[in-house]
Amino acid sequence: MSAIRTKLHHQLQTVTARIPVLNSTAATRGGVQPWNSRLRELANKSLFSEALSVYLQMLRSGASPNAFTFPFALKSSAVLSLPITGEQLHCQAIRTGCLLEPFVQTSLISMYCKCNFVDVARQVFDENPLSRKLTVCYNALIAGYALNLRTKDTVSLFCEMREFGVEINGVTLLGLVPVCGVAGNFGLGMCVHGCCLKFGLNLDFSVGNSLLSMYLRCGEIKTARKLFDELPGKGLITWNAMINGHAQNGLANDVLELYREMEASGIQPDPVTLVGVLSSCANLGAQEVGKEVERRIHACGFLANPFLNNALINMYSRCGNLVKSRQIFDRMPVKTVVSWTAIIGGYGMHGQGEVAVDLFDDMIRAGTIPDRAAFVSVLSACSHAGLTDKGLHYLDTMEQKFHLSPGAEHYSCVVDLLGRAGRLDEAHGLIRTMKAKPDGAVWGALLGACKIHRNVELAELAFERVVELEPTNIGYYVLLSNIYTDAGDSEGILRIRVMMRERKLKKDPGCSYVEFKGRVHLFVSGDRSHPQSKQIYEFLDELECKLKELDQNGMGVHSEKLAVAFGLLNTKEGAEIVVMKNLRICGDCHLFMKLVSKILPRREFIVRDPTRFHHFRNGVCSCKDYW
């Protein structure tokens, strides 16, 4: 607490020195009103430190605060998380006789809740006999309980409010919504929606948008869509809730469709809209749509928005256009840690670990402090590029220099790093001694390393651990089955198949897609539904015949082969072909791509699987067969 007081004192001294002092004589002669006007102006502009400084000036001038003064000062204390300042304001409200004023009461409750002093907020509520008669007091405490995820207290207070016959309004129900979006509370959300219908508040703009966001957070997409369709006069906030909610649920195709619907309805997007759309373009590899969004960003004057620039860096990186991604990064006048993390992650995904490492070091030299996400990016880059010693150095640096405790996501990168380098015993030892609890990704990284180095015994141990944590993740079963296949262990393969059958698990079908002229063309293994199927298969047969001369025999018509054949048929010589794949590229297809790039030296083939990019040119892959 003393640290907070010192911080406030220093902060207010600094701010006071640069704020023009109001004419104290005029302020005293005019009473407290000029000060209240100035406080309101600063608070509405989110200049909260300056607002507190003006409050101190007011006290020094001899003006006495009233019921219209405290709400702005208390709001400023809440936003700045300064509970001691809030307590001092509480005492002054008591001395001036303003404590029982409803606006002061609700501001105190909100301030204590936002500073995590929820029980003190309840005490303020209980000590005022008028609280149980006023909707605004109930609303403030309900919102405070919900903010601190005190679900039982939130519901109990709402029930008490109804029992005492206190009027319920839209603000009341808005306060309940945050706890409804928490895992396991969907039933509560349905009840709140029912209350909205009962009280005739279901069509209230703010309530409708909050319910929409709640359903999307709970993954109830169909219910959200039904509510969305029923809402009258959908504005920008409503569309943003739908677009970003679908993006967060991984429904990238739906996001792009919603974006088209929004444009057709005449609603102009804002940066929040475009960030959600760019995120989905990145997931789909829909670079042409992403380029359209970038043109919209220029047209709307959003070019300086750092969130949009970061989203563009990520989108172009994940669409295979690292050159464009770097151009956007280089032109940014101010680069945040998010910007650095995005470009570092981009180079890491494309197998350019050395560049990623140099950028990470440049970031530190530029004075930007790396966070946990930045370390995940650089450790992952080291893993993809086989920079073992560098990755281990960064893990040590993370703790010793930057005092950040590595999480499971960091350890999984380092386990992968050691495992790919063949240092399986060290990787296993790291898991046993790591400070964070190993999750499925950590043990999965060890299992993947065992596949590379054909260590069946350690693979079985890693598999036993990983299926305890993620029993329905089909990828781990397939991985161990492949390890048994490489070892010629037919009994092991049979055991995995039986286990999968007993647990009713089925392997996800592999699919690949190529974007061509703004449209995504999807292919699955053996698929013949595409309008150009006849030409694609004929062309693929020609390629296979040429590859036989190089002693390569295909193992089937996998989806990425179909996608590449389609790309070759529909693009000019010299154009690169970018293929997005939902599963890890198999060894047969990896070799196929290398050989095709060898017999077609003027072509570059880029394949993105769930973890990285493979750039194939002149018979060589950027991963150096290290994937």
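In this predicted model, helix α21 (residues 337-349) packs against helix α23 (residues 372-385) with an angle of about 15° between the two and with their axes 8 Å apart. Because angles under 35 degrees count as roughly parallel, α21 and α23 are therefore described as roughly parallel to each other. The crossing in which α21 passes α23 is left-handed. On the α21 side, the residues that make the contact are Val337, Thr341, Ile344, Gly345, Gly348 and Met349, while α23 contributes Ala373, Ala374, Ser377, Val378, Ala381 and His384. Sorted by class, the contact of α21 with α23 holds seven nonpolar and five polar residues, and no charged residues.

Helix α23 also packs against helix α25 (residues 408-420), the axes of these two coming within 9 Å and crossing at roughly 10°. That angle makes α23 roughly parallel to α25. From α23 the contact draws on Arg372, Phe375, Val376, Leu379, Ser380, Cys382 and Ser383, and from α25 on Glu409, His410, Cys413, Val414, Asp416, Leu417 and Arg420. The classes in the contact of α23 with α25 are seven nonpolar, three polar and four charged residues.

A further pair is formed by helix α8 (residues 118-127) and helix α9 (residues 135-147), which pack at an angle of about 165° with their axes 10 Å apart. Because angles over 145 degrees count as roughly antiparallel, α8 is assigned as roughly antiparallel to α9. Here too the handedness is given, with α8 passing α9 in a left-handed crossing. The residues that meet are Val118, Ala121, Arg122 and Phe125 in α8 and Cys137, Tyr138, Leu141 and Tyr145 in α9. By class, the contact of α8 with α9 comprises seven nonpolar residues, no polar residues and one charged residue.

The packing geometry of these pairs is collected below.

| Helix pair | Angle | Axis separation |
|---|---|---|
| α21 and α23 | about 15° | 8 Å |
| α23 and α25 | roughly 10° | within 9 Å |
| α8 and α9 | about 165° | 10 Å |

Over residues 134-168 the span is 74% helix and 0% strand, and its end C-alpha atoms lie 10 Å apart. For residues 235-269 the chain is likewise 74% helix and 0% strand, with the end C-alpha atoms 10 Å apart.

At the level of domains, the assignment divides the chain into domain 1 (247-322), domain 2 (335-403), domain 3 (424-502) and domain 4 (511-626). The C-alpha centres of domain 1 and domain 2 are 26 Å apart, and the contact between these two takes six residues from domain 1 and ten residues from domain 2.

Conventions: Residues are numbered from 1 along each chain as its sequence is written. This is a predicted model: local features need pLDDT of at least 70, side-chain atom pairs count only at pLDDT 80 or more; totals for chains, interfaces and linings use all residues. Side-chain values use heavy atoms; hydrogens and water are left out. Axes are lines fitted to C-alpha atoms, for helices over the stretch in contact, and angles run from 0 to 180 degrees between N-to-C directions. Helices (H or I, at least four residues) and strands (E, at least two) are DSSP runs, numbered from the N terminus. Angles under 35 degrees count as roughly parallel, over 145 as roughly antiparallel, 65 to 115 as roughly perpendicular and the rest as oblique. A crossing is left-handed if the near helix is turned anticlockwise from the far one by less than a right angle, and right-handed if clockwise. Contact means heavy atoms within 4.5 Å. Ala, Val, Leu, Ile, Met, Phe, Trp, Tyr, Cys and Pro count as nonpolar, Asp, Glu, Lys and Arg as charged, and the others, Gly among them, as polar. Domain bounds come from an automatic or database domain assignment.
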